[in-house]
Amino acid sequence: MVNWNRIYNLLDDITPLAVNCGLLCGSACCTEWEQGAGIYLLPGEEGMFSGLEEWLVREERSTGEYGVIIRCNGTCPRERRPFACRTFPVTPYLSPEGKLELRLDEAAVLLCPLVKAGDIRILEKRFLMRTRLAWEELLREPQIRKNIEWKSRQVDIMEKDPWRKLLEL
């Protein structure tokens, strides 16, 4: 079982850059970019939001499973940020052999200048180290690992699409 308090504490006092990266983009990732938008929670993470049940929404995923989303109005207290917000703009990738890699989340290329820059090495080493530690622990949970393996295989499929050469991220 995941110790969410420990995971959250790992990422409480660090950010992707040594300075407030929100100054680069007007804190675009911390705003309600679309009415009713939200952040997917990892399996079991919804327990961290007791007292905020009205913000939680169950949504069917393309895999046929249900995920929980916490709706975002862009003004959550920093200490209550979901895991995905704490590690943004980094996402995990599991190679077909099961090796963990941290990557910039290409889905955020229009939102985040750090992703647009295309080089994960510009992020703070401490941020990346703690994000890796958190993911290594989370991937011990079978449901979470299965979810990340599925997402990684989707990335593999997308990387082979011929249209990607037109965009060259």
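I started with E101, which at 28% relative accessibility is partly exposed. A reminder to myself: this is a predicted model.

Next I looked up the partner of E101. E101 forms a salt bridge with R103, and the closest N and O atoms are 3.2 Å apart. R103 counts as partly exposed too, at 23% relative accessibility.

Which residue does D12 pair with? I found a salt bridge from D12 to R86, with the closest N and O atoms 2.6 Å apart. D12 sits in the loop between α1 (4-10) and α2 (22-25), while R86 belongs to helix α3 (residues 83-87), so this pair ties together parts that are 74 residues apart in sequence.

Are the two ends of that pair buried or exposed? D12 is partly exposed, its relative accessible area being 33%. R86 has 2% relative accessibility and counts as buried; the cut-off for buried is under 20%.

My last stop was helix α6 (residues 142-159), where E149 and R145 both lie, four residues apart, about one turn of the helix. I see a salt bridge between E149 and R145, with 3.5 Å separating the closest N and O atoms. E149 is partly exposed at 33% relative accessibility, and R145 is partly exposed at 26%.

Technical notes
Residues are numbered from 1 along each chain as its sequence is written. This is a predicted model: local features need pLDDT of at least 70, side-chain atom pairs count only at pLDDT 80 or more; totals for chains, interfaces and linings use all residues. Side-chain values use heavy atoms; hydrogens and water are left out. A salt bridge is a side-chain nitrogen of Lys or Arg within 4 Å of a carboxyl oxygen of Asp or Glu. Helices (H or I, at least four residues) and strands (E, at least two) are DSSP runs, numbered from the N terminus. Buried means under 20% relative accessible area, exposed over 50%, partly exposed in between (1.4 Å probe, protein chains only).
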